[in-house]
Amino acid sequence: MLRIYDLKNQQMLTKPDFWKLTEGFVSFRGVSFVGSFKVIEKELLPRFQQVKLILGMEDRQTGQKMEQIFNVPRRVEELVNASDTFLQRIEAGSLQLKFTKQALFHSKYFLLENETQFIIFNGSMNLTKQAMTQNHELVWCYRGEKAVPQDQAIYQAHLALFKQNFEVDSTDYVNRKLIQQIKGKSRQEITAILTDHVAQETTTAITLQKEEITAITDQQQREKVVAPQWVKAVQAVYTAKGNKKRDQAAAQANAKVLYYQAFAQDEHRVIPENELYPVPMWTYDETEGQVLVQNPVTDRYEPLQTSPLSRADLENFVNIIESFRTNKVRDESLQALSAFLYLMTAPLIWKIRQIYRESNFSRSADQVPLSMVLIGRGTTGKTLLVHDYFKPFTGDTSASVQYSEINNSTSARSDRAVAFLDHYLKSQRFISPMVIDELYENFLHSKVATNAIKQWSNTLEDIHNVNIFAMNHNASNKGINNLEEITKRVYYLSFESGWLPEDEQTIDYRILVNNVNDHLYKTVIYRLNQRLNHLSGEDESKLIKDYLSLTKEILSDLLAQYGLNHRLAPLLAKRYDYKQDQNKTIWRMLLAENNFKNVYFTAGDDQHFTVSKAIFNDLKSNLYQNNNETLDNYFNMLPREMGIGIVQNDIGMILDIDKFDQFIGEPLVRNYYQQAHKAEHQQDAVTRLIALQEAEAARRATEEAKRQEKYDQILAELAHHQTKKTGLFGRFFKRN
C-alpha cells in the first residue's frame, strides 16, 4: 500500500492518490523503472506537456545492466507497438527517454513543476500499477513555491541532480532522430537500425567494465549479468577478455543475425494451450443433462452439485455490486451486476443459443453474445473484476491469462489469439469461460477477429464456452467497434469512472476480495441448468426476450431467501445497454462543449426545448459528412420508446425536457431552463406575491364590510326594539 509523507506539512498521507497529487503540473522529470511504454503512454503523456524520464531497473534486476543495453528486441517490440502519439512526442522532443551509461539507476525520484510551483517525490515507488496499488511503498513529497526562498534549496538541489543524471550519466533509450528512420519499417528493419544504434552507443557513450563482459564466460555468473538469449549477442561484439573485436562491422552483422533469430523463435513459440485453460475444467453430459466439474485430485469429472450457500456469501456479492456505486465517482453498479449475470450464465450460453434456434419465436441464435468485453480506462475496475472477483467467484485456480500469452506477442496481428480461442470454442466439450485480460485495444477492429466472431456466432451449434475479455480503451484510441454485426454478438460493458479516494470509500474492497468464493456461482448454474432442462412456455418466452432473464430470477429468489432482494431489485429490473450508455455521454458532451449556445426555449412552454442544427458547427471532430447527417445520428441516439424526440426537421429538433434528463440521468436541461428563466421566475414570484397580498387585502376588506354590515344590522334591530317598548301609552306613564 502506498504511503506518502508530506515533508513540508509533516504529516503522513495514508491513502494518497499519486496522480491526483500531480494535477496542475505541466513538466515531469524523474528516474523510475517502467514496466512498458504503455505506462508512459497512458499515464504520463495525457497529463504532462514535457516528460523527461530515466529508465531505472527493478529490484530483482539491479545487476542486469547489460540486459538493459543489449535487449534490443524488447526496444523493437516497444516501438512496434507504440502509438503514433508516443512516437510523435519523442520526435518533437516533448518525451525524452534515457537509461544508464555506466552505473545503474536504482533511485526513484520525480520532480514536477509549472511556472510558479513544484512538487518532489522521493522514495521506493516505481511508475508501475503494482507499486501504486499493491506493494508497500513509502515516498516523501515536498510541495513548494519557486518564489519562496526557503523552498528554493530543495528545488535547486533536485533540479541539479536530475540535470547531472539526465545530461551526463545517461544516454538515449530511444533517440528522437531514429523515429523518422523507423516509420513504416518492418520489425527486421527496425532491429537493424537499433542494433547499429547500440553498437554506436557502446563505442561512444556507454561504458562497460571488462569484468562485466568477461562474466558471461562463467555459466553461473552469466545469468546475473545478462539473460541467456543475449549472451551470444555480447559475445559477437566482445572477446572473452572483455575487449571489442577488431572487425566491428562483422561483429554488428553477427549481432543482427542473432537478434533476427531471437525474433524468429519468438514468432514461432507456441504455449501449450492446456497451460492457459481454466482449472478445474467444466464440461457437459448431454445424455444426462448434467454439468460436470473436474475433480482436481482425481481428475475425474463429477456432476455439479449445489454448494452450501450462506447469507454471508450473498451479502458479500451484494457488497461487491454496491461498491461500484459507493466507492466510485459515478455509479457503475449496473455494469458490475450485468457482468456477473453474464458470468453466471456463461457455462450454459450454448444451451440458451440452442433454445433460440429451436424456438417458435423466430429469434436468431446470434442474438445471444458469445463474448463479453469489459472496457476500462486506466484503473476503473475491469481488471479488478476479471482477476480479483471472477477467478475466485468461478472457482478458477489457474493464473490470469494475458492477451499477449494467447497471441504469443503484443503485436497488432491477432491470428494466433484467434486460433487459440477458436480451438477452445470448438472443443465440443469445455464450457468453462475463457477469461483474457489486457485485450489488444484494436482487436475488435481487426478483420481476422471480426470475421471469427461472426463465424463463431453463426455456425457454432454444439457444446462450447464463451470468451470474457478485459480491455483498456482511452479516448485517443480507435473508437470501439459499434457496428450492429458486432454489438449483437459481443456484450460490451463500459467502466469509465474512477474510484474515490480510499478514505471516502464506504466498502473495503480487500474484504470483498478475501471473502469471494464459488458457492453462489455453482448454485445459480445448477438451478439454471434445471430450468433449461424443464423449460416451460413462459420461461421460453422470457428467455427469448432476454437471455439473462432466468439467471436474474434465480439470483433474485436466492437473495429473497435472506431478505437481501431489495438491495439489488432496482438493478435487476434494468438492462445495461452499452450503446445507450455511450449515447448519454455523447449527448452530455455535446451540450457541455456547446455551453447551451444553440439550445432554445419557447415562451410559455416549460416542457420542451429546441436544439438547433448549428450546434454541430462547433464539433471539433465531426465523424459525419455534413450537419444533416450528424443531426440524424444524434436524433437516432435517443431511445424512441422513451418519447424524448418530438420533432426533427431541417433546422434542428424539439425534445422533451424531463424525458431527455431522464435519459441522461441528471436534470441537465431542467437546471439550465431554471437558470435561464431565473429573473423571469423571480418576477413571477413577486407578481404572485403582490397578487396574493392584494387578494388577502380584498378578503379582509370584504370580511370587514360584512362585520360592519352585521353590526349596523344589530344596532338597527336594537333601536327598533326600543321604539316599540316606549309607545304613546308608555311615554304618558314614563317615569324619570
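Helix H17 (residues 382-393) lies across S13, strand S15 (434-437), S16 and S17, and runs at about 125° to S13. The model is predicted.

These strands belong to an open sheet of five strands, in the order S14-S15-S16-S13-S17, with parallel pairing. Its edges are strand S14 (401-402) and strand S17 (490-495); each has a single partner strand, so one side of each is left without a neighbour in the sheet. Further in, strand S13 (residues 371-376) and strand S16 (residues 467-472) run parallel and are joined by six bridges. Ile375 has Met471 in S16 as its bridge partner.

Another open sheet has four strands in the order S18-S19-S21-S20, and here the pairing is antiparallel. Strand S18 (599-600) and strand S20 (645-649) are at the edges with a single partner strand each, so one side of each has no neighbour in the sheet.

Strand S19 (residues 608-612) and strand S21 (residues 652-656) run antiparallel, with five bridges between them. Helix H29 (residues 657-664) lies across S19 and S21, at about 85° to S21.

## Nonpolar surface patch

Tyr711, Ile714, Leu715 and Leu718 form a nonpolar patch on the surface; together they have about 400 Å² of accessible area. Of these residues, Leu715 is placed in helix H31 (residues 678-725). Leu715 has a relative accessible area of 40% and is therefore partly exposed, since that class covers values between the buried limit of 20% and the exposed limit of 50%.

Conventions
Residues numbered from 1 in each chain as written. Predicted model: local features only at pLDDT ≥ 70, side-chain atom pairs only at ≥ 80, totals over all residues. Heavy atoms only, no water. Patch = residues over 30% accessible without salt bridge, like charges linked within 9 Å, V, L, I, M, F, W, Y side chains within 5 Å. Areas by Shrake-Rupley, 256 points an atom, 1.4 Å probe, with all protein chains shown as cover. Salt bridge = Lys/Arg side-chain N within 4 Å of Asp/Glu carboxyl O. Helix = DSSP H or I, 4+ residues; strand = E, 2+ residues; numbered from the N terminus. Buried < 20%, exposed > 50% of the residue type's maximum accessible area, 1.4 Å probe, protein only. Pairing = 2+ DSSP bridges. Contact = heavy atoms within 4.5 Å. Axes fitted to C-alpha atoms, helices over the stretch in contact; angles between N-to-C directions.
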